[in-house]
Amino acid sequence: MPEADEVDEEEEMPLSLRLSIADTLTLGNATCGFMAVYFTTTGILIPHLTGSQESGMARHSAATAVILMLCAAVFDLFDGLVARKLRSSPMGAELDNLSDLISFGLAPAYFVLVYGMVADDAHQRMAALGAIVVLLAVVLRLARFSCVTMKDGMFQGMPSPFGALTVVSIVLLELPFVATLLAILGTAWLMVSRVEYPKPRGRLAGAMLSWIVLSMGLLAAWAFDAPSGQLLLQTGCALQLVMGAVIPLFATARRVNNFRDNRREARAAQLP
């Protein structure tokens, strides 16, 4: 009997290899990112390379790919909430970074790359450059997140899920190629910048989830050619870009106001 107990203890899985509920949600994030790449390839790139005239399939696949990125954002939102409420395994932080790299780095960068290959006015090599910049921005953003300690409730740089959704929104707006490329590069810069963004907690998390669900509805209406579906999608994409531009302005204004308040307090303290 003692020998049997020793065998059982040796065969028991180490604590560091046990997946928690939060880790399972994180793996769902990675799965959605991979499937977004799959639908971008099979529904957009391959029909274009084979000369298929079925534009409806390309629209459905583009919508599906973006919806999967939105689902990845939902998984990313909830795995953090669940990890705080319950627990996460020692692998949790590593799994989260790797999954985010797939869903919010590789998937949107690949979406930009394919856009450069299929759009009429796009320049393939310049689009490839933009895709590389997006991917590297997410890599640097995630690496810095693991190394830099920020004050509670704040991110440094645009969060990668928000950046990925902003990038695909820029592509779906169907702006002229130069404007599209510049907007994509600007988003990549915001991801590696020092601009502070609030973490999605409490009401902000609920607002983010509502926005994701609304975006899924807009994409579905566009995919199935609903009345005014194109206009609704463009409106949603434009709002995403506005939020991406306004949040840094508010953050910068708040930092300037805090700096002024600190200077006033310092001067007041020096007065006799």
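**R144.** I looked up the side chain of R144 first. In this predicted model, a polar atom of that side chain lies 2.8 Å from the backbone oxygen of S193. I count a polar contact as a pair of N or O atoms within 3.5 Å; within protein, one must be able to donate a hydrogen and the other to accept it, and residues adjacent in sequence count only if both atoms are side-chain atoms. R144 sits in helix α5, residues 124-147. I take helices as DSSP runs of H or I, at least four residues, numbered from the N terminus. Leaving out residues up to four places away in sequence, R144 touches Q156, G157, M191, V192 and S193. Contact here is heavy atoms within 4.5 Å.

**Y115.** I moved on to helix α4, residues 92-118, which holds Y115. Is Y115 buried or exposed? Y115 is buried, because its relative accessible area is 11% (buried is under 20%, exposed over 50%, partly exposed in between; 1.4 Å probe, protein chains only). Beyond neighbours within four places in sequence, I find Y115 in contact with A122, V171, L175, F177 and T180.

**L182.** Helix α7, residues 177-192, contains L182. I list L182 as exposed because its relative accessibility is 56%.

Residues are numbered from 1 along each chain as its sequence is written, and side-chain values use heavy atoms, with hydrogens and water left out. The model is predicted: local features need pLDDT of at least 70, side-chain atom pairs count only at pLDDT 80 or more, and totals for chains, interfaces and linings use all residues.

Technical notes:
Helices (H or I, at least four residues) and strands (E, at least two) are DSSP runs, numbered from the N terminus.
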